[in-house]
Amino acid sequence: KSQQDAFLPYVEDGTFTFIGATTENPSFELNNALLSRARVYVLKSLEINDLKLIIERAMQDGIRGLAGRDIAMSDKLREQLAQAADGDGRRVLNLLEIAIDLADSKQQTEVDETDLAEVLSGTLRRFDKGGEAFYDQISALHKSVRGSSPDGALYWLCRMLDGGCDPVYLMRRIVRMAVEDIGNADPRGLRIALDAWESFDKLGRPEGELAIAQAVVYLASAPKSNAVYTAFKAAMQDARNFGSAEVPLHLRNAPTKLMKELDYGKEYRYAHDEPDAYAAGENYFPETMPQRHYYQPVNRGLEIKIAEKLAHLRELDKQRR
């Protein structure tokens, strides 16, 4: 990006015309100043009919194509080949040429299903393992789980596995989904996600992929809560905003005589000695900051019960004060 700054003024004054092509998202790879002076054209993947037309032209072109080989291919197999190319014109031509070569080596006059199956075995969908398409797909998977769509979540999971995504990366993200989007509405979700990870480690591919699928379906079907996620962000913001606020004396431990003489732990109320094992009215925040209620349980799943419990405890706090 530092090199882009060097020719920005020459683009502005018209010394030269900037034309570029990239498989990456230009909003990530180009400086905003340069991008704002350019017109962006988004190139889409080829459709099935486009790819079938490429196949037709290649097989009819006697100079640059394959017409001189005198080997035919049925419409059904052309459709399969176009599907396997996954929107990539160069890929469909490469696969077509390999299929023709294979049939020719067997002295056949037509590509048959066995030939095409051999050529297409092991081919994967387009997947860049780190570029925009990669992050678009993991975003779609995460949003499908959050949106309680087990079918959509399964589809995007399979797209990523089929494309060659590292299952360990997927499990890391799925565990994150369990704590960010399901949380205490169903704490079993986290355990199921971790169990799926362990199962995959023991089984490997392809058997272990089913454990990942089970976890994804469970999380997508589970009640949703981002209350812990929201509370964590708010608490982290306060931790940064209030600086190094000292721990109140009553919350400090006093393992030495000197610490006791300095009133460490003095007036601490041991919760188990209190009614309902709750020290009503106790303050657990630094004295220099107000008490907060970061965690706001939602009215779904187990958090319904948690909300009732916290409401009861806050009522006890009011009575104590």
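**Notebook: contacts, cores and helix pairs**

I started with Asn31, which, leaving aside its neighbours within four places in sequence, is in contact (heavy atoms within 4.5 Å) with Lys1, Gln4 and Asp5. Asn31 sits in the loop between α2 (26–29) and α3 (32–35). My helix names follow DSSP runs: helices are H or I with at least four residues, strands are E with at least two, and numbering goes from the N terminus.

Is Asn31 buried or exposed? Asn31 is buried, because its relative accessible area is 13% and buried means under 20%, with exposed over 50% and partly exposed in between (1.4 Å probe, protein chains only).

A note to myself on the source: this is a predicted model, where local features need pLDDT of at least 70 and side-chain atom pairs count only at pLDDT 80 or more, while totals for chains, interfaces and linings use all residues. Residues are numbered from 1 along each chain as its sequence is written, and side-chain values use heavy atoms, with hydrogens and water left out.

**Cores**

Next I looked up the largest nonpolar core, and I found 28 residues in it. A nonpolar core is a set of buried Ala, Val, Leu, Ile, Met, Phe, Trp, Tyr and Cys residues joined through side-chain atoms within 4.5 Å. Leu141, Val145, Leu157, Leu170, Ile174 and Val216 have the most contacts inside this core. At least two of its residues come from each of α8 (132–146), α9 (150–162), α10 (167–182), α11 (188–203) and α12 (209–221). Which helix gives the largest share? That is α10, with 8 residues.

I then picked Val145 and listed what it touches, not counting residues up to four places away in sequence: Ala153, Met177, Ile182, Val216, Leu219, Ala220 and Lys224.

**Helix pairs**

Two packed helices are described by the angle between their axes and the distance between the axes. The axes are lines fitted to C-alpha atoms, for helices over the stretch in contact, and angles run from 0 to 180 degrees between N-to-C directions.

Among the residues making the contact are Ile192, Ala196 and Phe200 of α11 and Ile212, Ala215 and Leu219 of α12. By class I get 9 nonpolar, 2 polar and 2 charged residues. Here Ala, Val, Leu, Ile, Met, Phe, Trp, Tyr, Cys and Pro count as nonpolar, Asp, Glu, Lys and Arg as charged, and the others, Gly among them, as polar.

My other pair was α6 (residues 89–105) and α7 (residues 113–120), which pack at about 130° with axes 9 Å apart. That makes α6 oblique to α7. From α6, Leu95, Ile98, Ala99, Leu102 and Ala103 meet Asp115, Glu118, Val119 and Leu120 in α7. This contact has 7 nonpolar, no polar and 2 charged residues.

I checked the loop between α11 and α12, where Pro206 has its place. The peptide bond from Arg205 to Pro206 is cis, with omega near 0°.

In the loop between α14 (257–261) and α15 (303–320) I found Asp263, a residue other than glycine with a positive phi, near 70°. Asp263 is partly exposed, at 31% relative accessible area. Glu267 lies in the loop between α14 and α15, with a positive phi near 65°. Glu267 is exposed, at 65%.

Note on methods
Angles under 35 degrees count as roughly parallel, over 145 as roughly antiparallel, 65 to 115 as roughly perpendicular and the rest as oblique.
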